[in-house]
Amino acid sequence: MEQKALFEYVLRMADDSLILGQRLGEWCGHGPILEEDIALTNISLDLIGQSISLFDLAAALQGEGKTHDDLAFLRFENQYKNVLLVEQPNGDFAMTILRQFFFDAFRKPFYEALCKSPITQLAAIAEKSLKETRYHLKHTSEWVIRMGDGTEESHARAQAAIDHLWRYTHELFYEDAIDAELQASAQVPSLKAIETSWLETVKAVFAEATLEIPANNWKFDGGRQGRHSEHMGYLLAELQYMQRAYPNMQW
Amino acid sequence: MVSPELIRTYLQEVGDPEIPVLTIIDLGVVQQIYDAEGEWVIELTPTYSGCPAMQQIEADVLTKLQEKGINNARIQHVLSPAWTTDWISEEGRHKLRLYGIAPPVNEPDKSILFAEAPVVPCPKCQSPETKMISLFGSTACKAHYQCLSCKEPFDYFKCLK
């Protein structure tokens, strides 16, 4: 039973990384400046690389002889378990950076805690990914401050991105029976402490950036059950196109 | 007689696909080499999770060993302990400099925002007067710098700990 919960848990992590990596990849050739074009696609590459390690582990736990490509490319929309935040469209540069900042500020303390997991393969992926995530968080934090404390225009765009994305951030800390089962046997960390750490980072960076946490407290979720926003189908159509058009193709 | 030491010698002939002057031994991605019931296991660790050179390196390792008459080898990925730029050899650092890439220097803690960029001497004219153009460069492992003395742009192999 625990094996099944662990498969689902790892799949959720893998999907978060893959879908956000896919979104960032859409910036390739469209960045506001060349350096940022390269930065966003580098972060994308790290995330997709992390998802490969996670899909390999998920496939091994599933025990049906599937590969990471099968899991990444050949599921239906309701079988993807990523949070809604990562599938939201890129919008303008502020929207992309704020989405990434919220995610990085979550992933850093999450990976730090997961490094202590007794599941050695999962701890190893966390240890590897943490080094990359620290770099991402530094990059996005600096951009949030630069935009928030920048011009009237950049401040307004950064605040608009926060006001729009805030409703999706709560789902990063969503927990259900899968988490409860694995937490009961101390296999994975509780997300309560991660949320506290996340909020501290967000508040500290927003204070520097003269940006504000929105007053309204709408909360959207459903991603962990495979209920996605309307954007997901379009994203998957592009992500899966080659495998659907040319089954089993390889580069 | 095939031994882990001999295999390691052979692997000194395998170059990094993106930085061909470095061997994969210089880079520090080859971990343990051992005999597992008649099969040679070569442990490789990625520099970055998504490094596209890793697949090429794996293929190159197996091809090289086959050239040397070792057909019973396989690659084993290891993620922990995670690769760090400290594992790049002195020889490797020297080769990087000659190739025009500045080797990693100790950098401030990544949790410090807007920390002073590290002093990275220009690999062409050795001037310490350089500036960082971007944290992210031509590959995942590099940042983009420019020399303020000779004006040349150059790649910096960024510190990963």
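Modeller: Two strands pair if DSSP finds at least two bridges between them, where strands (E, at least two residues) and helices (H or I, at least four residues) are DSSP runs, numbered from the N terminus. The model before us is predicted, so local features need pLDDT of at least 70 and side-chain atom pairs count only at pLDDT 80 or more, while totals for chains, interfaces and linings use all residues. Residues are numbered from 1 along each chain as its sequence is written, and chains are lettered from A and ligands numbered from 1 in the order in which they are written.

Biologist: How do you know that strand 4 of chain B is joined to strand 7 of chain B?

Modeller: There are 2 bridges between strand 4 and strand 7 (residues 153–157) of chain B, and because at least two are required, they count as a pair. These two strands run parallel, and Ala102(B) has Tyr156(B) as its bridge partner in strand 7 of chain B.

Biologist: What makes strands 4 and 5 of chain B the edge strands?

Modeller: The open sheet has 4 strands in the order 4-7-6-5 (chain B), with mixed pairing. Strand 4 (101–102) and strand 5 (130–134) of chain B each pair on one side only.

Biologist: What makes a set of residues a nonpolar core?

Modeller: Its members are Ala, Val, Leu, Ile, Met, Phe, Trp, Tyr and Cys residues that are buried and joined through C-beta atoms within 7 Å; buried means 20 or more other C-beta atoms within 10 Å, C-beta atoms being placed from the backbone. The largest core here has 102 residues, and among the members touching the most others are Val10(A) and Ala58(A). Helix 2 of chain A gives the largest share, 14 residues.

Biologist: Why is this core said to lie between two domains of chain B?

Modeller: Domain 1 (4–83) and domain 2 (99–157) of chain B both give residues to the core, so the core lies between them. Those bounds come from an automatic or database domain assignment.

Definitions and conventions:
A residue is buried if 20 or more other C-beta atoms lie within 10 Å of its own, exposed if 12 or fewer, and partly exposed in between; C-beta atoms are placed from the backbone.
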